[in-house]
Amino acid sequence: MRFRRLGALFAISIGLVASSRSQNSDTLQTLKNSMSPDQQSSILQQMLGGKGGASGKKTDPKLDTPETVRRKGDQPDIFDKEKFQKTRDGRTLRQNDEDPELRADDTVLIELISLDEVCGDNLNPNQPGDQNNNGVRKNAPSGTNPSTGLSALSGALGNTGAAGSKASGLVANTDFANTRCRVTEIPKTDLEKERTEKFRKRVLDNNPYRLNSFGVLEIPGLPAIPLAGLTASEATKRLGADPDLADYAVRVTLLRLLPSGNEALKPFGYDLFEGVPSTFAPVSDIQVPVDYIVGPGDTLDIQLYGNQPSSYELTVERDGRLNFPKLGPIMVSGMSFVAARAAIEQRVAQQMIGTRVSVTMGELRSIRVFVLGDVEKPGSYTVSGLSTMTNALFVSGGAKKIGSLRNIQLKRNGRLVTTLDLYDLLLRGDTSGDKQLLPGDVIFVPPIGNIVSVDGAVRRAAIYELKGEKTVAQAVEIAGGLLPDADEKLGQLERILPSRLREMHNIDLTTPAGRATEVANGDKFNVPAIRPTLENSVVLLGYVYRPGQFEYRPGLRLSDVLGSFDELRPNADEHYIMIRREVPPDEKIEVISADLQHALAARGSAADPELRPRDKIYVFDLSTDRERILRPVIRELQLQATPEKPEQVVSIDGRVKAPGHYPLEPTMRVSDLIRAGGSLEDAAFRGQAEITRYEVREGDARRTELIPVDLAAIRRGDAGADLQLKPYDVLIIKPIPQWVEPGVIELAGEVRFPGKYPIHQGETLSSVLHRAGGFTEFAFADGAVFIREELKKREKDQLELLANRLQSDLAALSLEAIASSAATNSGGGGSAAQALAVGQQLMAQLRDTKPVGRLVIDIDKVIKGSVGAPEDVVLKDGDKLLVPKKTQEITILGEVQSPTSHVFEPGLTRDDYIARSGGTTQKADRKRIYIVRANGDVISGERRSGWFRRSRTFEMRPGDTIVVPLDTERVNQLPIWQAVTTIIYNLAVAVLAIRSV
């Protein structure tokens with residue numbers, strides 16, 4: 001019922017807003033008076049996200065102990081308040097659906113989009129209106145906004161749905177601030193635009209930005225802007241309100257970067273408390289320790305057996321006595337459980353001869369303790385009598401990051417009882433210091449003591465609190481020790497001097513003196529890892545089954561690493577194996593290659609190159625691009641180039657399987673480069689190639705030389721023809737003359753043998769139709785549709801160009817509509833507004849129109865004419881001919897009362913069919929009605945040239961389409977509207993013809 005009342009309240013509220021604002025307060029007051037206070041409170045809590053039935057009273061947290069703890073985020077509860085207050089990295093959430101707050105040292109991304117470009121020359125955002133005309137921009141009313149400016153801005157911001165933004169004047173993408181476009185009388189000068197764009201680029205070039213330690217954003221050229229405590233959305237609005245950013249759409253994005261290095265170190269041990277209680281084990285399931293102190297509220301289960309058997313469940317009274325039937329009071333408070341049991345056994349033995357007793361603990365009492373100091377939730381807590389210091393710390397949220405984990409104090413009656421070092425529990429599992437609590441105990445967490453950071457190749461990098469540790473070796477020990485890849489000789493200790501300066505010390509942990517180096521408060525100790533390079537090994541990479549590292553030994557050759565072709569994956573290039581080598585002593589990069597086929601055939605020869613330590617062997621794939629692997633190697637060669645030894649890179653292009661840039665090898669020849677390029681294609685001309693050589697001669701100019709290459713001689717094994725290459729050489733492999741890739745045409749529909757047919761160069765449509773057996777007896781030849789992919793791409797470009805022109809004209813028309821409305825202040829500009837609405841509709845239809853690529857042909861002349869006649873179509877790859885079945889329909893499109901199709905009847909004219917569709921509408925252009933024949937020809941009654949052919953007879957034929965266009969002269973016409981409507985209708989007719997096949 002509560003949810004029904006809530007839904008009713010929302011429904012009534014929506015209705016009130018939609019009707020009249022003047023009646024809102026009275027109606028809401030009537031609704032309020034008709035509901036009880038409980039109903040009002042329930043609905044209010046639901047609307048504010050509170051829990052129903054909350055009493056509002058504050059109670060002490062109670063811990064029945066012992067408890068289990070789960071991490072935050074595991075099995076989240078919908079009523080978990082912590083979920084709505086903090087993120088996993090501790091950021092504040094004021095609402096459960098809000099983005100987190102920014103804080104100091106956060107990294108943000110600033111996005112700026114200049115509104116001068118997206119709004120147009122006569123639109124300027126967020127300038128104050130109603131100013132004087134002395135060279136100051138004058139704006140239209142703030143509630144108006146040209147739709148084109150909004151559409152352009154919406155597209156620039158990446159918003160696909162701009163609907164709804166036209167009325168409000170705001171971009172639908174609410175992530176950006178400062179997105180209102182307004183009309184200006186004086187546009188910005190080129191100098192102002194250049195200055196605006198220069199500032200925008202300067203801001204973007206400095207991305208990302210990092211808030212300083214005070215949470216302040218510092219942008220070059222702007223005053224400091226405090227952002228700490230704001231959400232990303234609020235920070236976006238704050239920047240959007242800055243006058244210096246009034247010409248930009250602004251967005252602030254929080255980058256949740258993971259910290260690294262010293263910034264990633266966390267204080268050790270505090271994540272122990274980053275959980276919430278999930279289950280509470282009944283106290284009856286836990287064994288009571290023998291040193292448990294009995295006190296008021298505890299229950300003892302006593303069983304007598306012997307002469308007087310009976311059972312009692314007795315509770316210790318507030319005065320500490322246990323009122324035992326037939327025996328009287330027995331003082332047990334303050335005793336341990338063992339002592340209390342002995343006292344009861346002694347009393348029974350003295351006063352009840354022949355009876356023995358069994359004493360066990362029943363329900364335990366609750367005690368109140370205090371948790372104070374640097375804890376998350378200091379205060380008093382009611383906990384179980386079995387609770388220890390750690391139990392109370394858990395229920396209080398644990399120690400803060402500024403609180404000590406190694407000096408947690410337990411005070412009783414003002415005296416220090418013991419101290420708890422949580423490192424003993426966390427590092428050694430020692431719970432001896434975790435003492436049991438008594439009523440009134442105080443657990444006090446003092447501030448943290450001296451700290452040291454241990455980072456690098458250690459098992460547990462963190463910030464540690466020091467207690468008895470004084471040396472570097474002891475600090476490394478509490479960090480878990482060193483990792484196997486730690487470089488013990490290169491330890492680094494950063495220290496803050498008394499002069500408040502920092503200094504660095506090198507620590508060699510392999511020496512006693514280095515291990516005994518004393519640590520001080522705030523020290524940062526880092527143990528680096530050894531270098532990741534592999535010594536005495538070679539690496540196999542690429543298109544192989546088992547890539548990885550191999551042991552190097554003197555005399556190791558390529559055939560030892562790639563022992564057979566079985567190591568290669570299918571389609572691997574076995575003729576070009578690239579080896580990247582680091583040449584000592586300066587470790588410069590050098591590249592050699594080998595043909596694996598020759599290497600395996602002649603093991604140990606020069607064709608099987610000897611490897612060196614740290615060589616990298618690359619195996620390429622013939623079916624994929626090699627640039628991804630070659631790019632880093634070529635980049636290394638470019639960086640190490642000098643004027644004395646220029647860039648060791650050559651190129652191959654033309655008819656090879658893998659054209660591109662390749663490393664220049666020592667003594668590399670033309671045949672080697674062809675092998676690197678994947679060898680020649682079938683279309684490659686094997687007689688001659690060409691080398692373009694670039695050389696710098698005498699250091700003053702770069703010369704170009706064309707060198708012919710005799711490929712035929714190289715293939716015969718002529719070593720003299722196989723020229724040696726130089727840096728920057730480009731080898732061009734020419735194609736075989738008149739080599740043309742075979743094309744395919746598809747015949748579909750009513751042909752005798754439909755399907756795909758290969759075509760040769762210069763073949764015509766009549767030839768292919770003859771091969772396909774001609775048309776069937778049911779073919780409607782006049783309705784054949786010939787489609788060409790080349791024309792489809794051309795139509796797509798023309799439609800895009802036409803849409804851009806129409807959008808530009810709509811922008812001018814929208815300015816006219818706004819200017820007319822602002823000038824009259826009485827709803828003027830109706831004609832321009834009407835034209836704008838029509839233009840927007842045309843724009844939507846034009847954007848939805850798909851190109852067809854139809855070529856109008858006269859199929860009768862093609863069939864009856866000779867092969868190669870002017871009417872015969874020369875075919876291209878990808879052409880399609882669609883032949884429909886015979887048809888009897890006459891279709892009518894456009895501005896008629898009922899656009900539909902009618903059965904063809906000889907003798908009926910164009911106007912007769914229009915009359916059968918109910919006649920034209922008021923928006924029809926009766927002067928420009930035209931007919932589209934089944935073959936695509938257009939017949940118009942208007943005497944004009946260009947697209948439309950003149951016809952006076954209007955003879956109707958089966959398959960014809962009558963198009964009644966829109967009368968664009970009824971509105972404030974744009975120059976290209978008539979062409980737009982005509983193109984849309986013609987493409988629609990072509991699509992209908994294709995679908996009829």
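This is a predicted model: local features need pLDDT of at least 70, side-chain atom pairs count only at pLDDT 80 or more; totals for chains, interfaces and linings use all residues.
The A572 pairing belongs with the meeting of two antiparallel strands, β26 (residues 572–583) and β28 (residues 616–621), which are joined by 5 bridges. Helix α17, covering residues 627–639, packs on the sheet and touches β26, β27 and β28. The direction of α17 makes about 30° with that of β26.

Zooming out, which strand order does the sheet have? Reading across, it goes β25-β24-β28-β26-β27, an open sheet of 5 strands with mixed pairing. At the edges sit β25 (548–551) and β27 (588–594), each of which pairs on one side only. Ignoring direction, neighbouring strands here are turned by 25° against each other on average. As a reminder, strands of a sheet pair through backbone hydrogen bonds, and they can do that parallel or antiparallel.

## T388 in its loop

Now for a loop residue. T388 lies between β15 (379–384) and α11 (389–395). Is T388 buried or exposed? With a relative accessible area of 16%, T388 counts as buried, because the cut-off for that label is under 20%.

## Rings and charges

On the aromatic side, the count comes to 8 pairs. Ring pairs also tie F268, Y423 and Y464 together into a cluster.

Over the ring of F444 sits the charged end of K411, 5.2 Å from the ring's centre. Elsewhere in the list of such pairs, the charged end of R702 sits over the ring of Y728, with 5.1 Å to the centre.

## The whole chain

How many helices and strands does the protein chain have? The secondary structure comes to 25 helices and 44 strands. Of the 997 residues in the protein chain, 41% are buried, and T388 is one of the buried residues.

Finally, a word on contacts along the sequence. Taking contacts in the protein chain between residues at least 6 apart in sequence, 64% join residues at least 24 apart.

Key: Residues are numbered from 1 along each chain as its sequence is written. Side-chain values use heavy atoms; hydrogens and water are left out. Helices (H or I, at least four residues) and strands (E, at least two) are DSSP runs, numbered from the N terminus. Buried means under 20% relative accessible area, exposed over 50%, partly exposed in between (1.4 Å probe, protein chains only). Rings of Phe, Tyr and Trp (its six-membered ring) pair if their centres lie within 6.5 Å; planes under 30 degrees apart count as stacked, over 60 as edge-to-face and the rest as tilted. A charge sits over a ring if NZ of Lys or CZ of Arg is within 6 Å of the ring centre and within 35 degrees of the ring normal. Two strands pair if DSSP finds at least two bridges between them. Axes are lines fitted to C-alpha atoms, for helices over the stretch in contact, and angles run from 0 to 180 degrees between N-to-C directions. Contact means heavy atoms within 4.5 Å.
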